[in-house]
Amino acid sequence: MDIANTHIRHSSIKQLYPKLLMKNFLLLTLFITFGYSINAQDLHKSFDAGEWFKFRIHYGVFTASYATLEVKKEKLNGIPVHHIVGIGKSSGFLSLFFKVEDYYETYIDTEKVQPYRFIRKINEGGYKKNIEINFDHDKKEAFVFNKKHNTKEFFKTKEKVQDMMSAFYYLRNNIETSNLKIGDEKIINMFFDNENFKFKLKFLGKEVVKSKIGKIRCLKFRPYVQADRVFKEEESLTVWVSDDDNRMPVKIKADILVGSIEADLDAFKGLKHPFKIVVD
């Protein structure tokens, strides 16, 4: 089915969008900038409290939803943290028959950029999850509280584990481009829901991306995701981030069985570093 060349019918849309939106494009947004060489002496070079992004998620000309990411400075159990909130909601006529409300939160240490708490609360066309994960990095444990089913369980985690949101900021914050070559790959330990897994990213090169904001010089990456009923293959995602000290997410494209879905940067504020567009 090609929405761009087919009259829209509610019955067919209802079959298509649960597959698209339930893959949580907000989640894909958070997989944007898994960096390369870690430089411990240059922590927090790319972001700070007050940073805010808004993305338009669309299938062709049709807007499916909007997603935002915001960084706040707070305290958790007396510890200074960056509280990062991600929100994704369906919009327009789609929300009339397939409602999406996704909330993601992570609380990360302001010095080590490691997660203390991760929250995932989603409602996607009636498919719901409400999970809170608290990390103990000394014991290498994650305490998972599934609020929907009222279950509590401990899981072992890997070294330097990140959740899906904290990983974005941790590695985005430490991209070192001076030694970055096309084909370079990076693997990171992640914990999601109740499972440890490896996440791999490949650097594809540099491009100038046309956006609503203007032309932006970008670094291009390919996250590796598991092929299933929705994604065509293991390499179905491509992401672009600004080639400057902000490492700002600019564009994401996901190839699926019925075309491609994209997320484009729609608005931003609170960047830590100056931002430039390409002037012809």
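Predicted model: local features only at pLDDT ≥ 70, side-chain atom pairs only at ≥ 80, totals over all residues.
Residues are numbered from 1 along each chain as its sequence is written, and side-chain values use heavy atoms, with hydrogens and water left out.

I begin with the whole protein. There are four helices and 14 strands, taken as DSSP runs numbered from the N terminus (helices H or I, at least four residues; strands E, at least two). Of the 280 residues, 50% are buried, meaning under 20% relative accessible area with a 1.4 Å probe, protein chains only. Contacts are heavy atoms within 4.5 Å; among those between residues at least 6 apart in sequence, 53% join residues at least 24 apart.

I turn now to strand E14, residues 259-269. Strands count as paired if DSSP finds at least two bridges between them. E14 runs antiparallel to strand E1 (residues 52-59), and seven bridges join the two; within this pairing, Phe55 has Leu265 as its bridge partner. E14 also pairs with strand E13 (residues 249-256), again antiparallel, over six bridges. Here Lys253 stands opposite Glu262, and two residues separate E13 from E14 in a hairpin.

Finally, where does His82 lie? His82 belongs to strand E3, residues 79-90. His82 is buried, at a relative accessible area of 2%. The side chain of His82 makes a polar contact of 3.4 Å with that of Asp48, the criterion being N or O atoms within 3.5 Å, one able to donate a hydrogen and the other to accept it, with residues adjacent in sequence counted only if both atoms are side-chain atoms.
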